Amino acid sequence: MSTADLEKTPHAIEAVGTEGTNNGNASPAYHAVGEKGSDQQVENVLEHELTAHLELLDAAHQNGRLVVEIEEARREYGAHVAVKFKLTPDGKYILWPQPTEDPRDPLNWSWNKKMLTLVVLTMASIVPDFNSSIGIACLFPLAEQFNTTVNHVNNLTSNWSIFLLGPGGVVAVILVNVIGRLPILFWSQILGVAFLIGCTVAPDLATVAGMRCLSAFFSTAPQVTGLFIVRDIFFFHQEARMLNAWAFGFVVSPYLGPFLFGFLVQRQTWRWAYGIGCIYEGIVVLLIVLFVEETLYERDSKDRPKIETGMWARIKALVGITGYQRRHFHMPFWTSFWRPFLVNFQPQEILSLAYVALNFAWAIGINTTLVVFLQSPPPLGYSFSGDAVAVFYLTPIIATVLGEIVSHYLQDFFTNRYIRRHNGVFEPEARLWMCYIGSTLNFAGLMCLGGTLQNHASIAGLVFGWGLFTLGMMIIISAMYTYMSDAFPAYQGEVSCLFNLWRTFAGFAVAYFQVPWSEKSGALVVFGCEAAIVVFIFVAVVPILQIWGKAIRTRFSSLSGH
């Protein structure tokens, strides 16, 4: 939005003379055209003008462009508009979104309460992929107990449970818009732990597969509602760091199962591994019950009902009664139903999701098949023991931790540099510079993995290659999650569920062909083709979004509303 946009706002009065010129540092002097107006007339017109200005500012925010620094707001919109903004404690930055005066507004919560909510949310986001990854450690014990092959167990259990994480997220977002964040978070974990218990006591492989798939479908809600909740309780200048922390949970979670339970299944039955998973998810449910509150706040409604307090009110909010009673203040079901489809077909979203999917796919494929490479006998694998494979899974865990730290500083560096160079204005495309680093690391990591597996070289090559790839993947996730969130600020949940859907659908397919193709053509061919795809999708997406992303967002600005 520019000064020209503001000039289109209808005025019943106009500024005249040198005293009426707005230099951004003082309020303009107004009088009615042709005559001096009364104080009441001037006040009414100023109020009308200010409302129009703030509506334009909100439109710019929803379209991704943000005036972040208060000095730029004074220059661009005038002091009479800028004075209305609520600022950070140092008075330098504008708070987006603007908080209300209501102490129950989640933006006004204490810092400790916000961080506790984020910690529980991150723990919950670990659950879906963590539960799925338990099966990776149990592949060989399950194949032995049920007298079948490792590939059959992998295809029947791990692959389909990963696949259903995607549709489960879409269903969760549709319901979150209608009845609120808290009840969906609560019930998703209740159902998830119930089906995981069923998996733990399953008498046959088909039941194990069915229970795993149902647990994945229902428990995936935190991986898509997290973006909602982070944006409900944190301001724009805090969001990138908090999204990094939340995303760390679901990025590291697929590696925890093989690491923790690779040792266990060598000494105890595989049922113990799933039993410990049930205990962890049960702890998450307890923390949700005790500490998490509803963050959906009817910010745009002046007639919002009073938030109830007390034990009965807490129970009603938790199980969804309150959300159902307040549904008239929320989004209609069919509106919520169509929103993911609407966002999915926006050009910048298609490009972004394709880029994410064709990077994340290899992360899922490596995680689900590398255990086969490591434990299979030569010429395919290394004949590693279960204990050795478990230790090996420390590699992506450490790399993910490093990726979270690096992403934290890269986000700050590129965002602040862009704001300084553009007079205090932020555009979502500032996030995309991180992808240059992430894609380079992904390419190098895949080539290193393929070459090492092909030539049965030192295990150090596998450690280095997987570490590079995981570090690059964390950087890309941090960049693209914040980019898509900034580009569609009114559609956080839809962005999150589509991110989850595309990554799981792409990763689901890789596990089917990676091992057989490697047996036929060699690992270097397979991983080399994957590395080539990483380069291609980077060149085809990132420069286009950087050059034409703003024009695309403006062209399709109909999605800027709620």
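This is a predicted model: local features need pLDDT of at least 70, side-chain atom pairs count only at pLDDT 80 or more; totals for chains, interfaces and linings use all residues.
A cavity, as the word is used here, is a set of grid points where a 1.4 Å probe fits but cannot get out. Rolling a probe the size of a water molecule over the atoms shows where empty space is left.

The largest cavity is lined by 16 residues, and those closest to its centre are Asp 129, Ile 162, Pro 254, Ile 364 and Asn 367. Two or more lining residues come from each of helix H5 (111-137), helix H7 (150-163), helix H12 (236-264) and helix H17 (347-375), with H17 giving the largest share, 5 residues. By class, the lining of this largest cavity is made up of 9 nonpolar, 5 polar and 2 charged residues. Because domain 1 (110-298 + 307-329) and domain 2 (331-561) both give residues to the lining, the largest cavity lies between them.

The second largest cavity has a volume of about 90 Å³, and of the 13 residues that line it, Ala 137, Gly 262, Val 371, Gln 375 and Val 389 are the closest to its centre. The elements that give two or more residues to its lining are H5, helix H6 (139-145), H12, H17 and helix H18 (386-392). The lining of the second largest cavity holds 9 nonpolar and 4 polar residues but no charged ones, and it draws at least three residues from each of domain 1 (110-298 + 307-329) and domain 2 (331-561).

From the cavities we turn to the charged side chains. Side chains of opposite charge can pair when their charged atoms come close. The structure holds 14 salt bridges, one of which joins Arg 241 to Asp 412, with the closest N and O atoms 2.6 Å apart. This pair links distant parts of the chain, since Arg 241 is in helix H12 and Asp 412 in helix H19 (residues 394-421), 171 residues apart. Arg 241 has a relative accessible area of 40% and is therefore partly exposed, and Asp 412, at 21%, is likewise partly exposed.

A further salt bridge is formed by Asp 387 and Arg 267, whose closest N and O atoms are 2.8 Å apart. Asp 387 lies in helix H18 and Arg 267 in the loop between H12 and helix H13 (270-291), so the pair ties together parts that are 120 residues apart in sequence. The two partners fall into separate accessibility classes, for Asp 387 counts as partly exposed at 24% relative accessibility, whereas Arg 267 counts as exposed at 54%.

The side chains of Arg 339 and Glu 494 also meet in a salt bridge, at 3.0 Å from N to O. Since Arg 339 lies in helix H16 (residues 333-344) and Glu 494 in helix H22 (residues 492-521), this pair ties together parts that are 155 residues apart in sequence, and both Arg 339 and Glu 494 are buried. Elsewhere, salt bridges that share partners join Glu 427, Glu 429, Lys 550 and Arg 553 into one network.

A last stop is Ser 215, which has its place in helix H10 (residues 205-219). Ser 215 counts as buried because its relative accessibility is 1%, where buried means under 20%. Leaving aside residues up to four places away in sequence, Ser 215 touches Asn 131, Gly 192, Phe 195 and Leu 196.

Definitions and conventions: Residues are numbered from 1 along each chain as its sequence is written. Side-chain values use heavy atoms; hydrogens and water are left out. Helices (H or I, at least four residues) and strands (E, at least two) are DSSP runs, numbered from the N terminus. Buried means under 20% relative accessible area, exposed over 50%, partly exposed in between (1.4 Å probe, protein chains only). Contact means heavy atoms within 4.5 Å. On a 1 Å grid over the protein atoms alone, a cavity is a set of points where a 1.4 Å probe fits but cannot get out, and a pocket is an open set with protein on both sides within 12 Å along at least five of seven lines; lining residues have an atom within 4 Å of a point. Ala, Val, Leu, Ile, Met, Phe, Trp, Tyr, Cys and Pro count as nonpolar, Asp, Glu, Lys and Arg as charged, and the others, Gly among them, as polar. Domain bounds come from an automatic or database domain assignment. Grid points are joined across faces, edges and corners, and a volume is the space filled by probe spheres set on the points. A salt bridge is a side-chain nitrogen of Lys or Arg within 4 Å of a carboxyl oxygen of Asp or Glu.
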